Amino acid sequence: PKGHSWVMDVRDITRSHVPTPKRDLDVIVAGFPCQPYSIAGLRQGLKDERGGDIFTSLLRILKELKPKVFVLENVKGIIGHDQGRTFEYMKQQLEQCGYLTTFEVMNSMTHANIPQNRERVFIVGFRSSESFARFAFPKKIALTKTIQDCLETEPVDKSFYYDDRFKVYDRLKSE
């Protein structure tokens, strides 16, 4: 593929899909479905068909591609899922792939200056003990933005907005 744009299922990615780099692969950044771990979901964990196999695929990719660093993201609820056993298992599996790992819960409000309370756990793994020892998660920053700062003052494309040209009710009634 040209560049870094792939549109395919992560469960199907193999070493053959990655162009042979002139040097080692540096970083893999990934997220996996949060519904299996979220307090708003069914909390079926790795047994959930919407996410367990994705984590297993990420482990396989880490073993095959051996990036120097990985960053994984998920909901805060993953830490306490099944009384912490799921998260412990995940950390052990990541470490068995040859990584030193650390994690932290960060909030978009206190770490990204976004006026939204959105907590996520970030798991970072390093193959090098020297890199691991030098790593530190970002410090909290002051929230200076409000929701007004994030809203557009003019619509980017007015065709996305309802107006008199598109009679939704009349169209639905006739169908």
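This is a predicted model: local features need pLDDT of at least 70, side-chain atom pairs count only at pLDDT 80 or more; totals for chains, interfaces and linings use all residues.
Which side chain does a polar contact of 3.2 Å join to that of R120? The partner is E73, whose side chain lies in polar contact with that of R120 at 3.2 Å.

- Strand β4 (residues 119–126) runs antiparallel to β3, and 8 bridges join the two.
- Strand β4 also pairs with β2 in the antiparallel sense, over 7 bridges.
- V69 stands opposite another β4 residue, F126.
- Because 6 of its 8 residues are buried, β4 is largely enclosed by the rest of the structure.

- R120 has its place in strand β4.
- The relative accessible area of R120 is 16%; as the cut-off for buried is under 20%, R120 therefore counts as buried.
- Leaving out residues up to four places away in sequence, R120 touches E73, N74, V75, K76, E104, V105 and M106.
- Among these neighbours, E73 is the residue whose side chain makes the 3.2 Å polar contact with the side chain of R120.

**Nonpolar cores**

- In soluble globular proteins, nonpolar side chains tend to be buried together.
- The largest nonpolar core has 17 residues, of which F32, F70, L72 and L94 touch the most other members.
- Two or more residues of this core come from each of α1 (52–65), β2, α2 and β4.
- Helix α1 supplies the largest share of this core, with 5 residues.
- F70 is in contact with I28, L62, L94, Y99, T101, I123, V124 and G125, when neighbours within four places in sequence are set aside.
- A second, separate core of 5 residues includes V69, M106, F126 and F137.
- V69 and F126, both named in this second core, stand opposite each other in the sheet, with F126 in β4.
- M106, also in the second core, is one of the residues touched by R120.

**R11 and the segment before β1**

- R11 lies in the segment before β1.
- The relative accessibility of R11 is 37%, so R11 counts as partly exposed.
- R11 and S57 are 46 residues apart along the chain, while their C-alpha atoms are separated by 5.3 Å.
- The contacts of R11, not counting residues up to four places away in sequence, are D53, I54, S57 and R60.

Note on methods:
Residues are numbered from 1 along each chain as its sequence is written. Side-chain values use heavy atoms; hydrogens and water are left out. Two strands pair if DSSP finds at least two bridges between them. Helices (H or I, at least four residues) and strands (E, at least two) are DSSP runs, numbered from the N terminus. A nonpolar core is a set of buried Ala, Val, Leu, Ile, Met, Phe, Trp, Tyr and Cys residues joined through side-chain atoms within 4.5 Å. Buried means under 20% relative accessible area, exposed over 50%, partly exposed in between (1.4 Å probe, protein chains only). Contact means heavy atoms within 4.5 Å. A polar contact is a pair of N or O atoms within 3.5 Å; within protein, one must be able to donate a hydrogen and the other to accept it, and residues adjacent in sequence count only if both atoms are side-chain atoms.
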